[in-house]
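Okay, everyone, thanks for coming. Let me put the structure up and then walk you through it.

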Amino acid sequence: IGGAAALGTSGGAAGLAFGGLFGAACGLVPAVFTFGLSIPLGAAIGGGVGLCTGACVGTTAGFVGGGTLACRMQCAMPASDMTL
């Protein structure tokens, strides 16, 4: 669970940054017709989508990766060391 929280947080932050940057870049194209209002609007939409996507992907990767690591550690343990 710790890996899911760590990767979900960092994935959300990275998604927010890169999504906002990409959204602002996409907002440059119609800026002539919208008097520049499409730039912050595109950045806000891109940042929100990037935040949600990055958090979901990061959380899933941390959850699966942490579960895999825990399973490998438990499977590598000798039977004599296991407690019930």
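Let's start with one side chain: does L41 count as buried or exposed? L41 counts as exposed, because its relative accessibility is 53%. The cut-offs here are under 20% relative accessible area for buried, over 50% for exposed, and partly exposed in between, with a 1.4 Å probe and protein chains only.

Quick housekeeping. This is a predicted model, where local features need pLDDT of at least 70, side-chain atom pairs count only at pLDDT 80 or more, and totals for chains, interfaces and linings use all residues. Residues are numbered from 1 along each chain as its sequence is written, and side-chain values use heavy atoms, with hydrogens and water left out.

Now the overall picture. We have 2 helices and 0 strands; helices (H or I, at least four residues) and strands (E, at least two) are DSSP runs, numbered from the N terminus. Of the 84 residues, 21% are buried. The accessible surface is about 5900 Å², and carbon and sulfur atoms account for 81% of that. Those areas come from the Shrake-Rupley method with a 1.4 Å probe, and for residues only the protein chains shown count as cover.

Helix α1 covers residues 2–27. Its 26 residues should span 38 Å at 1.5 Å a residue, and the end C-alpha atoms are 37 Å apart, so the two agree. The expected span is 1.5 Å times one less than the number of residues. Buried residues of α1 include A4, G12, G15, G19 and G20.

Keep those glycines in mind for helix α2, where G47 sits. G47 counts as buried because its relative accessibility is 3%. Leaving out residues up to four places away in sequence, G47 touches G15, L16, G19 and G20; contact means heavy atoms within 4.5 Å. G47 and L21 are 26 residues apart in sequence, yet 7.6 Å apart C-alpha to C-alpha.

Beyond its neighbours within four places in sequence, L51 contacts G12, G15 and L16. Across the whole protein, 67% of the contacts with a separation of 6 or more are between residues 24 or more positions apart.

Back to L41, which lies in α2, residues 38–76. With I45 and V49, L41 forms a nonpolar surface patch, about 290 Å² of accessible area together.

That's my tour; questions welcome.

Note on methods. Patches are made of residues with over 30% relative accessible area and no salt bridge: like charges are joined within 9 Å, nonpolar side chains (Val, Leu, Ile, Met, Phe, Trp, Tyr) within 5 Å. A salt bridge is a side-chain nitrogen of Lys or Arg within 4 Å of a carboxyl oxygen of Asp or Glu.
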